[in-house]
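Please open the model in a viewer and keep the sequence panel at hand. The tour moves from the whole chain to single residues.

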Amino acid sequence: FVEQRIWLSVIGILSVVMGMILGYGLCSLFGLFYSAAHTVIPFLLLGIGIDNIFVITQTFNTLETTSTPLPLAERFGQTMKHAGVAVSVTTFTDVIAFFVGSNTLLPGLESFCIYAAVAIFCIYALQVTHFVAWFSLDVRRQNAHRDGCLCCYTHKNFKSYDFSKGSLLNKAFAYIGVLITKKAVQAVILLMTGGFLVGGVWGALNLR
(Lines give C-alpha, C1' and ligand atoms only; values in the text may rest on other atoms or scores of the structure.)
Protein backbone atom coordinates (compact mmCIF):
# COMPACT_ATOMS: atom_id res chain seq x y z
CA PHE A 1 0.00 0.00 0.00
CA VAL A 2 2.99 2.35 -0.14
CA GLU A 3 2.23 3.45 -3.69
CA GLN A 4 -1.47 4.05 -3.04
CA ARG A 5 -2.42 7.72 -2.71
CA ILE A 6 -5.57 7.26 -0.64
CA TRP A 7 -5.21 10.29 1.61
CA LEU A 8 -4.01 12.46 -1.26
CA SER A 9 -7.26 11.64 -3.07
CA VAL A 10 -9.19 12.72 0.00
CA ILE A 11 -7.19 15.96 0.13
CA GLY A 12 -7.93 16.57 -3.56
CA ILE A 13 -11.67 16.23 -3.02
CA LEU A 14 -11.37 18.36 0.12
CA SER A 15 -9.66 21.14 -1.84
CA VAL A 16 -12.61 21.17 -4.25
CA VAL A 17 -15.08 21.35 -1.36
CA MET A 18 -13.07 24.10 0.35
CA GLY A 19 -12.93 26.12 -2.88
CA MET A 20 -16.66 25.65 -3.33
CA ILE A 21 -17.39 26.89 0.20
CA LEU A 22 -15.02 29.84 -0.26
CA GLY A 23 -16.63 30.80 -3.57
CA TYR A 24 -20.15 30.51 -2.19
CA GLY A 25 -19.17 32.54 0.86
CA LEU A 26 -17.67 35.37 -1.20
CA CYS A 27 -20.69 35.56 -3.49
CA SER A 28 -23.07 35.54 -0.54
CA LEU A 29 -20.99 38.23 1.16
CA PHE A 30 -21.55 40.54 -1.83
CA GLY A 31 -25.29 39.95 -1.74
CA LEU A 32 -25.78 37.55 -4.66
CA PHE A 33 -28.84 35.42 -4.08
CA TYR A 34 -28.92 31.62 -4.09
CA SER A 35 -31.65 29.73 -5.96
CA ALA A 36 -32.60 26.13 -6.66
CA ALA A 37 -30.72 26.24 -9.96
CA HIS A 38 -27.46 26.68 -8.05
CA THR A 39 -27.69 23.12 -6.70
CA VAL A 40 -26.10 21.76 -9.91
CA ILE A 41 -22.97 23.90 -9.49
CA PRO A 42 -21.21 21.43 -7.08
CA PHE A 43 -21.30 18.68 -9.74
CA LEU A 44 -19.80 21.05 -12.29
CA LEU A 45 -17.10 22.14 -9.86
CA LEU A 46 -16.28 18.55 -8.90
CA GLY A 47 -15.63 17.61 -12.52
CA ILE A 48 -13.41 20.63 -13.16
CA GLY A 49 -11.53 20.23 -9.87
CA ILE A 50 -10.81 16.53 -10.32
CA ASP A 51 -9.59 17.21 -13.86
CA ASN A 52 -7.02 19.67 -12.51
CA ILE A 53 -5.88 17.12 -9.93
CA PHE A 54 -5.31 14.48 -12.60
CA VAL A 55 -3.35 16.93 -14.76
CA ILE A 56 -0.99 17.80 -11.89
CA THR A 57 -0.43 14.22 -10.68
CA GLN A 58 -0.06 12.78 -14.19
CA THR A 59 2.47 15.46 -15.13
CA PHE A 60 4.51 14.66 -12.02
CA ASN A 61 4.44 10.92 -12.77
CA THR A 62 5.37 11.46 -16.41
CA LEU A 63 8.33 13.71 -15.58
CA GLU A 64 9.43 11.28 -12.87
CA THR A 65 9.71 8.41 -15.34
CA THR A 66 11.06 10.29 -18.37
CA SER A 67 13.56 12.80 -16.91
CA THR A 68 16.70 12.51 -14.83
CA PRO A 69 16.20 12.27 -11.04
CA LEU A 70 16.02 15.70 -9.39
CA PRO A 71 15.57 16.95 -5.82
CA LEU A 72 11.97 17.04 -4.66
CA ALA A 73 11.65 20.83 -4.85
CA GLU A 74 12.96 20.94 -8.43
CA ARG A 75 10.70 18.07 -9.47
CA PHE A 76 7.65 19.95 -8.25
CA GLY A 77 8.96 23.10 -9.89
CA GLN A 78 9.17 21.26 -13.22
CA THR A 79 5.74 19.74 -12.63
CA MET A 80 4.07 23.09 -12.04
CA LYS A 81 6.02 24.59 -14.94
CA HIS A 82 4.13 22.25 -17.27
CA ALA A 83 0.90 21.41 -15.44
CA GLY A 84 0.44 24.92 -14.02
CA VAL A 85 0.17 26.43 -17.49
CA ALA A 86 -2.41 23.86 -18.63
CA VAL A 87 -4.49 24.19 -15.46
CA SER A 88 -4.33 27.99 -15.59
CA VAL A 89 -5.42 28.21 -19.23
CA THR A 90 -8.41 25.89 -18.75
CA THR A 91 -9.43 27.57 -15.48
CA PHE A 92 -9.31 31.13 -16.80
CA THR A 93 -11.14 30.03 -19.94
CA ASP A 94 -13.96 28.66 -17.78
CA VAL A 95 -13.99 31.73 -15.53
CA ILE A 96 -14.14 34.14 -18.48
CA ALA A 97 -16.88 32.06 -20.13
CA PHE A 98 -19.05 32.18 -17.00
CA PHE A 99 -18.45 35.89 -16.48
CA VAL A 100 -19.48 36.53 -20.08
CA GLY A 101 -22.58 34.41 -19.44
CA SER A 102 -23.42 36.59 -16.44
CA ASN A 103 -24.18 39.50 -18.81
CA THR A 104 -27.82 38.56 -19.10
CA LEU A 105 -31.16 40.08 -18.17
CA LEU A 106 -32.16 36.98 -16.18
CA PRO A 107 -31.18 37.51 -12.52
CA GLY A 108 -31.11 33.77 -11.76
CA LEU A 109 -28.78 32.98 -14.64
CA GLU A 110 -26.56 35.96 -13.80
CA SER A 111 -26.17 34.80 -10.20
CA PHE A 112 -25.55 31.21 -11.34
CA CYS A 113 -22.71 32.23 -13.67
CA ILE A 114 -21.03 34.46 -11.09
CA TYR A 115 -21.23 31.78 -8.39
CA ALA A 116 -19.67 29.23 -10.78
CA ALA A 117 -16.90 31.60 -11.97
CA VAL A 118 -15.86 32.63 -8.47
CA ALA A 119 -15.94 29.06 -7.14
CA ILE A 120 -13.87 27.76 -10.08
CA PHE A 121 -11.19 30.35 -9.43
CA CYS A 122 -11.15 29.56 -5.68
CA ILE A 123 -10.72 25.86 -6.43
CA TYR A 124 -7.88 26.65 -8.83
CA ALA A 125 -6.12 28.79 -6.21
CA LEU A 126 -6.35 26.03 -3.60
CA GLN A 127 -5.21 23.29 -5.95
CA VAL A 128 -2.02 25.04 -7.08
CA THR A 129 -1.15 25.78 -3.44
CA HIS A 130 -2.96 23.61 -0.88
CA PHE A 131 -3.12 20.42 -2.97
CA VAL A 132 0.44 20.67 -4.31
CA ALA A 133 1.76 21.14 -0.77
CA TRP A 134 0.01 17.96 0.39
CA PHE A 135 1.18 16.22 -2.79
CA SER A 136 4.81 16.93 -1.85
CA LEU A 137 4.21 15.46 1.62
CA ASP A 138 2.71 12.36 0.05
CA VAL A 139 5.75 11.92 -2.19
CA ARG A 140 7.98 12.15 0.89
CA ARG A 141 5.79 9.48 2.52
CA GLN A 142 6.35 7.20 -0.46
CA ASN A 143 10.09 7.81 -0.43
CA ALA A 144 10.13 6.85 3.26
CA HIS A 145 8.18 3.65 2.41
CA ARG A 146 5.32 4.58 4.72
CA ASP A 147 1.95 2.90 4.32
CA GLY A 148 -0.70 4.64 2.22
CA CYS A 149 -3.41 4.13 4.87
CA LEU A 150 -1.44 4.07 8.13
CA CYS A 151 1.29 6.63 7.57
CA CYS A 152 2.91 5.79 10.92
CA TYR A 153 3.75 2.28 9.67
CA THR A 154 6.92 1.83 7.58
CA HIS A 155 7.41 -1.07 5.17
CA LYS A 156 11.03 -2.07 5.71
CA ASN A 157 11.31 -4.53 2.80
CA PHE A 158 9.22 -2.59 0.28
CA LYS A 159 9.95 -3.08 -3.42
CA SER A 160 8.16 -1.29 -6.21
CA TYR A 161 6.34 -3.60 -8.60
CA ASP A 162 6.90 -3.17 -12.32
CA PHE A 163 3.18 -3.19 -13.15
CA SER A 164 2.62 -0.20 -10.86
CA LYS A 165 4.98 1.90 -12.98
CA GLY A 166 3.08 1.29 -16.20
CA SER A 167 -0.20 2.76 -17.38
CA LEU A 168 -2.65 1.10 -19.72
CA LEU A 169 -3.91 4.51 -20.86
CA ASN A 170 -0.38 5.65 -21.72
CA LYS A 171 0.19 2.50 -23.76
CA ALA A 172 -3.21 2.77 -25.44
CA PHE A 173 -2.76 6.40 -26.48
CA ALA A 174 0.80 5.74 -27.60
CA TYR A 175 -0.61 3.09 -29.95
CA ILE A 176 -3.40 5.42 -31.08
CA GLY A 177 -0.87 8.18 -31.77
CA VAL A 178 1.08 5.88 -34.09
CA LEU A 179 -2.12 4.63 -35.71
CA ILE A 180 -3.40 8.13 -36.52
CA THR A 181 -0.27 8.96 -38.53
CA LYS A 182 -1.21 6.32 -41.15
CA LYS A 183 -2.88 7.73 -44.27
CA ALA A 184 -5.67 5.14 -44.37
CA VAL A 185 -6.70 5.94 -40.80
CA GLN A 186 -6.53 9.66 -41.51
CA ALA A 187 -8.83 9.21 -44.50
CA VAL A 188 -11.35 7.30 -42.38
CA ILE A 189 -11.23 10.00 -39.69
CA LEU A 190 -11.83 12.76 -42.27
CA LEU A 191 -14.80 10.85 -43.74
CA MET A 192 -16.27 10.30 -40.28
CA THR A 193 -15.76 13.97 -39.38
CA GLY A 194 -17.48 15.07 -42.58
CA GLY A 195 -20.36 12.67 -41.91
CA PHE A 196 -20.81 13.96 -38.37
CA LEU A 197 -20.72 17.56 -39.63
CA VAL A 198 -23.36 16.92 -42.28
CA GLY A 199 -25.54 15.04 -39.81
CA GLY A 200 -25.22 17.80 -37.24
CA VAL A 201 -26.11 20.57 -39.70
CA TRP A 202 -29.07 18.55 -40.99
CA GLY A 203 -30.32 17.94 -37.46
CA ALA A 204 -29.93 21.61 -36.54
CA LEU A 205 -31.92 22.73 -39.59
CA ASN A 206 -34.75 20.36 -38.63
CA LEU A 207 -35.17 21.65 -35.08
CA ARG A 208 -38.76 22.36 -34.16
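Helices are DSSP runs of H or I with at least four residues, numbered from the N terminus. The model shown here is predicted.

**The whole chain**

Begin with a cartoon view of the entire protein. Its secondary structure consists of seven helices and zero strands, so that the order of elements from the N terminus reads α-α-α-α-α-α-α. Next, display the C-alpha trace, which spans about 65 × 60 × 25 Å along its principal axes. The radius of gyration of the protein is 22 Å, whereas a compact globule of 208 residues would have one near 17 Å.

Now switch to a surface view. The accessible surface of the protein amounts to about 13600 Å², with 73% of it belonging to carbon and sulfur atoms. Of the 208 residues, 29% are buried. Among contacts with a separation of 6 or more, 75% are made by residues 24 or more positions apart. Colouring by charge brings up 13 positive and 9 negative charges, whose mean positions lie 9 Å apart.

**A loop residue**

Select Ser-102 next. This residue is located in the loop between α3 (72-101) and α4 (107-143). Is Ser-102 buried or exposed? Its relative accessible area is 8%, and because buried means under 20%, Ser-102 counts as buried.

**Aromatic rings**

Turn now to the side chains of the aromatic residues. How many aromatic pairs does a search of the whole structure find? The search returns 10. One of them joins Phe-92 and Phe-121, a tilted pair with 6.1 Å centre to centre and 50° between the planes. Phe-92 belongs to helix α3 and Phe-121 to helix α4, so this pair ties together parts that are 29 residues apart in sequence.

Phe-92 has a relative accessible area of 37% and is partly exposed. Phe-121 is also partly exposed, at 39% relative accessibility.

For the last stop, select Phe-60, Phe-76, Phe-131 and Phe-135. Ring pairs link these four residues into a cluster.

How values were computed:
Residues numbered from 1 in each chain as written. Predicted model: local features only at pLDDT ≥ 70, side-chain atom pairs only at ≥ 80, totals over all residues. Heavy atoms only, no water. Helix = DSSP H or I, 4+ residues; strand = E, 2+ residues; numbered from the N terminus. Rg over C-alpha atoms; globule rule 2.2 N^0.38 Å. Buried < 20%, exposed > 50% of the residue type's maximum accessible area, 1.4 Å probe, protein only. Contact = heavy atoms within 4.5 Å. Areas by Shrake-Rupley, 256 points an atom, 1.4 Å probe, with all protein chains shown as cover. Lys, Arg positive; Asp, Glu negative; His and termini not counted. Charge placed at Lys NZ, Arg CZ, Asp CG, Glu CD. Phe/Tyr/Trp six-rings, centres within 6.5 Å; stacked < 30°, edge-to-face > 60°.
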